[in-house]
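This report describes the strand pairing, the helix packing and the ligand surroundings of one model. The sequence and the structure are shown first.

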Amino acid sequence: MTPADDLSPELADALRRAAGAPTLVIACDYDGTLAPFVDDPTLAVPAPGAVDALERLAGLPRTTVALLSGRNREALAQVSGAAAPVVLVGSHGSEWEGGFDTPLDDDELARLARVRSALEEIVSHTPGAHVEPKPTAAVLHVRPVEDPDRRRTAMSEAMAGPAAFDGVFVTEGKNVVEIAVREASKGAAIERLVEQTGAEIAIFIGDDVTDERGFARLREGDIGIKVGDGQTLAGYRVADIPAVVGLLAHLAELRG
Ligand SMILES: O=P(O)(O)OC[C@H]1O[C@H](O[C@H]2O[C@H](CO)[C@@H](O)[C@H](O)[C@H]2O)[C@H](O)[C@@H](O)[C@@H]1O
């Protein structure tokens, strides 16, 4: 069985087309796409072979590989172990090498502190839940909460409380709700990568609802690949993380 055996004929064709593009961008979500979910986000390591395949692709001429994650950039670098020439883009597309285009102003910082303390209050009576601080957001994590009712209650409290504050941007993900004081979109980040490189084809691979903002902004001829089940705007689908690793390794062979 070769990596290509896991791919639909349509996706195999699309990858052959991408492999022949003069300039190519490959943007990949991290959690749920390259790294299996775990309770502690600091321990979410890449699946075997994932970083190797990304680095092989990133070492090819006129090929830009980016990790495009909801995580903040520093956390993304730590858990993934990926480094240049792989481009790391954090905070849902708004945090690049050198940080954010514009730092948070005093109002945004005050709003962020209010959001964090409201989420900490929820955590204080929800055993297992925790808050992940980010430069422009705070995230309530409920994956480790054992009782499903308590998990749902904590999410509802976050939605009715800090998620309803003025001037915040809410993203619900897998067992998380993220409340940001800056709007960000993986779609805008993919457009920026395409603009910077002049790529004729962009590939974007992701598993979560937040990745739909990326799929929505792909151009005709670009290749969106959804990982796992669920509704999607992506044109192609693979079953799971090992299939993503196989796909990347196969693309590296085709383009190498
Ligand atoms: O855009 P991504 O790279 O997919 O990041 C999305 C969020 O991923 C992380 O949370 C998810 O993974 C955790 C570790 O496996 C898991 O515990 C949690 O339930 C998942 O939602 C990360 O912690 C968040 O900051 C990212 O926004």
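Strand S6 (residues 169-173) and strand S7 are antiparallel and are joined by five bridges. The coordinates belong to a predicted model. Within this pair, phenylalanine 169 is placed opposite alanine 180 of S7. S6 and S7 form a hairpin with two residues between the strands, and asparagine 175 in this hairpin adopts a positive phi near 65 degrees.

The S6-S7 pair belongs to an open sheet of four strands, whose order is S4-S5-S7-S6 and whose pairing is antiparallel. Strand S4 (130-133) and S6 are its edge strands, and each of them pairs on one side only. From one strand to the next, the twist averages 20 degrees. At the S4 end of the order, S4 and S5 run antiparallel and are connected by four bridges.

A second sheet is described next. This open sheet has six strands in the order S3-S2-S1-S8-S9-S10, and the pairing is parallel. Its edges are strand S3 (87-89) and strand S10 (236-238), each of which pairs on one side only. Neighbouring strands of the sheet are turned against each other by 20 degrees on average, with direction ignored. Strand S2 (residues 63-68) runs parallel to S3, and three bridges join the two. One of the residue pairings is that of leucine 68 with its bridge partner in S3, valine 89.

Proline 85 lies in the loop between helix H3 (73-80) and S3, and the peptide bond from alanine 84 to proline 85 is cis, with omega near 10 degrees. Arginine 62 is located in the loop between H2 and S2; its phi is near 50 degrees, which is a positive value in a residue other than glycine.

The packing of helices is considered next. Two packed helices are described by the angle between their axes and the distance between the axes.

| Helix pair | Angle between axes | Axis distance |
|---|---|---|
| H2 (residues 50-58) and H8 (residues 241-255) | about 25 degrees | 9 Å |
| H1 (residues 9-19) and H8 | roughly 45 degrees | within 9 Å |

How do the two arrangements differ in orientation and hand? For H2 and H8, the axes pack at an angle of about 25 degrees. H2 is therefore roughly parallel to H8, and the crossing of H2 and H8 is left-handed. For H1 and H8, the axes cross at roughly 45 degrees. H1 is therefore oblique to H8, and H1 passes H8 in a right-handed crossing.

Which residues come nearest to the ligand? Of the 23 residues around it, these are Tyr30, Asp31, Pro41, Ser69 and Gly70. By class, the shell around the ligand consists of seven nonpolar, seven polar and nine charged residues. Strand S5 (137-141) and strand S7 (176-180) each contribute at least two residues to the shell. S5 and S7 are strands of the four-stranded open sheet with the order S4-S5-S7-S6.

Technical notes:
Residues numbered from 1 in each chain as written. Predicted model: local features only at pLDDT ≥ 70, side-chain atom pairs only at ≥ 80, totals over all residues. Near = placed C-beta within 6 Å. Nonpolar A, V, L, I, M, F, W, Y, C, P; charged D, E, K, R; others polar. Pairing = 2+ DSSP bridges. Axes fitted to C-alpha atoms, helices over the stretch in contact; angles between N-to-C directions. Parallel < 35°, antiparallel > 145°, perpendicular 65-115°, else oblique. Left-handed = near helix turned anticlockwise from the far one by under 90°.
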